[in-house]
Amino acid sequence: RDRSTASGKMSSVGLSVAAGSMYEALPSENGAALLLKHLAFKGTTARSSLRLMRDLESVGSIPSASVGREALLYRITSQPEFAEQALQAAFETALTPKITSYLVSDLQAAAAADMEAYAADARLQLSEALYEAAYGENTPLGHPLYFPGTDVTSESLAAYRAKTFGAGSLTVVGVGVAHTQLLSWAAGLTEGLAAG
């Protein structure tokens, strides 16, 4: 789409990746999308989690990540003059995360907390049941979003990322930034990515 919005005192830029739970085709991938949400901004091959967060906080940026059946969204809200740095950080956390076995163990604890919240929320349970009823339990969109990810290893998480994170699965999004500027930044950041 050729749209972005440039108005207001804050900007929000990010990266949407077609890597939600509907792409978890193997039992060893069940819960991978949820774990990747928790992996966001936890360190990359270039920066530790502490360094990444300090760099973002030093310019007043607020990172977040969310996941659904279809996509993972890495988003950073900042002042417009720091939007390019914010987008670079979103790309960095999405495309070059540090995935280790001890970190995956920590992520599984975070996913277990999501599972507890899900078990206590009737609206979430209803939403899950509606997807399963509408699409069928054995279809991609009927596949559950909430899995504790206990069978996911660092190797299977890295394999899931490699399978789903190609240039063809990325969408750059922005609010509070000129479309031509966003397009220019995105072109530079996606150069050399595998088609996927």
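**Ground rules**

I am working on a predicted model, where local features need pLDDT of at least 70, side-chain atom pairs count only at pLDDT 80 or more, and totals for chains, interfaces and linings use all residues. Residues are numbered from 1 along each chain as its sequence is written, and side-chain values use heavy atoms, with hydrogens and water left out.

**Whole chain**

I looked up the secondary structure and found seven helices and four strands. Helices (H or I, at least four residues) and strands (E, at least two) are DSSP runs, numbered from the N terminus. Along the sequence the pattern reads β-α-α-β-β-α-α-α-α-β-α. The radius of gyration is 17 Å, close to the 16 Å of the globule rule for 196 residues, so the chain is as compact as a globular protein of that length. That radius is taken over C-alpha atoms, and the rule is 2.2 Å times the number of residues to the power 0.38. I noted a box of roughly 45 × 35 × 35 Å for the C-alpha atoms, along the principal axes.

Burial came next. Buried residues make up 40% of the 196 in the chain. Buried means under 20% relative accessible area, exposed over 50%, and partly exposed in between (1.4 Å probe, protein chains only). I also checked contacts (heavy atoms within 4.5 Å). Of those with a separation of 6 or more, 79% join residues 24 or more positions apart.

**Strand 1**

Which strands pair with strand 1? Strand 3 (residues 72-78) runs antiparallel to strand 1, joined by seven bridges. Strand 4 (residues 170-175) also pairs with strand 1 in the antiparallel sense, over six bridges. Pairing requires at least two DSSP bridges between two strands.

Strand 1 spans residues 11-17, and seven of its seven residues are buried. In a regular strand the side chains alternate between the two faces of the sheet. Here S11, V13, L15 and V17 point one way, while S12, G14 and S16 point the other way.

**Helix 1**

Seven of the eight residues of helix 1 are buried. They are A32, A33, L34, L35, L36, H38 and L39. I found them packing against strand 2 (62-67), strand 3, helix 3 (83-95), helix 4 (101-119) and helix 6. Just after the helix, F41 takes a positive phi of about 65°.

I then took two helix partners in turn. Helix 1 (residues 32-39) packs on helix 6 (residues 154-164) at about 90°, with the axes 10 Å apart. That makes helix 1 roughly perpendicular to helix 6. Axes are lines fitted to C-alpha atoms, for helices over the stretch in contact, with angles from 0 to 180 degrees between N-to-C directions. Angles under 35 degrees count as roughly parallel, over 145 as roughly antiparallel, 65 to 115 as roughly perpendicular and the rest as oblique. A32, A33, L35 and L36 in helix 1 meet L157, Y160 and R161 in helix 6.

The axes of helix 1 and helix 4 come within 9 Å and cross at roughly 110°. Helix 1 and helix 4 are therefore roughly perpendicular too. On the helix 1 side I listed L34, L35, K37, H38 and L39, which meet L103, L107, Q108, A110, A111 and D114 in helix 4.
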